[in-house]
Amino acid sequence: MAHAALLHCCGSRRWAHRLAVHRPYPDPGVLLAAADEASYDLSQADLTEALAAESSAELEHGASYAALLALDAAHAEYERKFGHAFVICLDGHPPEEQADQLLAAIRRRMGHEVDEERSISADELRRVAQARLLDLTRWLTSADGLTAEEFGPFAPVG
């Protein structure tokens, strides 16, 4: 179960396996450090696998129709040029600013060469995985989630 949850955070099987086999983690900080290390160690094939599992960042509900159309066109152009979904971590940006941030980032990154953009995408993927891991650990330790001992990154391997 933990392996599947980790794959939701980052689509690289090697990344998820590496985090799963090193459980239990004593706290979220140690888990995030391990995730960073695993992200930096991804091979090109691992990165390709992880990027293939991603879907392009979307806007929150309530975005204007014009913003959604512009975003769809930008995503299609990006995917055509780079061969994978546009990955960006928008944590820390309020929902009302995300449309502008997302469209500006896609337009800016469209000017990159393939290798440069792949490197930027890898870093954004690392940041997205960290945000997803934080969300997962918050859910696991909330009243609605399972206890950390029952399942998750802090549970013993088994």
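At 14% relative accessibility, Arg126 counts as buried (buried is under 20% relative accessible area, exposed over 50%, partly exposed in between, with a 1.4 Å probe and protein chains only). The model is predicted: local features need pLDDT of at least 70, side-chain atom pairs count only at pLDDT 80 or more, and totals for chains, interfaces and linings use all residues. Residues are numbered from 1 along each chain as its sequence is written, and side-chain values use heavy atoms, without hydrogens and water.

Arg126 forms a salt bridge with Asp36 (a side-chain nitrogen of Lys or Arg within 4 Å of a carboxyl oxygen of Asp or Glu). This pair links distant parts of the chain, helix α3 for Asp36 and helix α7 (residues 114-140) for Arg126. Helices here are DSSP runs (H or I, at least four residues), numbered from the N terminus. The whole structure holds 10 salt bridges, including these:

| Pair | N to O distance |
|---|---|
| Arg18 and Asp41 | 2.7 Å |
| Asp36 and Arg126 | 2.9 Å |
| Glu124 and Arg127 | 3.1 Å |

Glu124 and Arg127 sit three residues apart in helix α7, so about one helical turn separates them. Glu124 is buried at 11% relative accessibility. Arg127 is partly exposed at 31%.

Arg18 lies in helix α2, and Asp41 in the loop between α3 and α4 (44-53), 23 residues apart. Asp41 is partly exposed, at 36% relative accessibility. Salt bridges link Arg18, Glu37 and Asp41 in a network.

Arg18 and Glu37 also belong to the contact of α2 with α3 (heavy atoms within 4.5 Å). Other members include Trp15 and Leu19 of α2 and Leu31 of α3.

Note on methods
Helix = DSSP H or I, 4+ residues; strand = E, 2+ residues; numbered from the N terminus.
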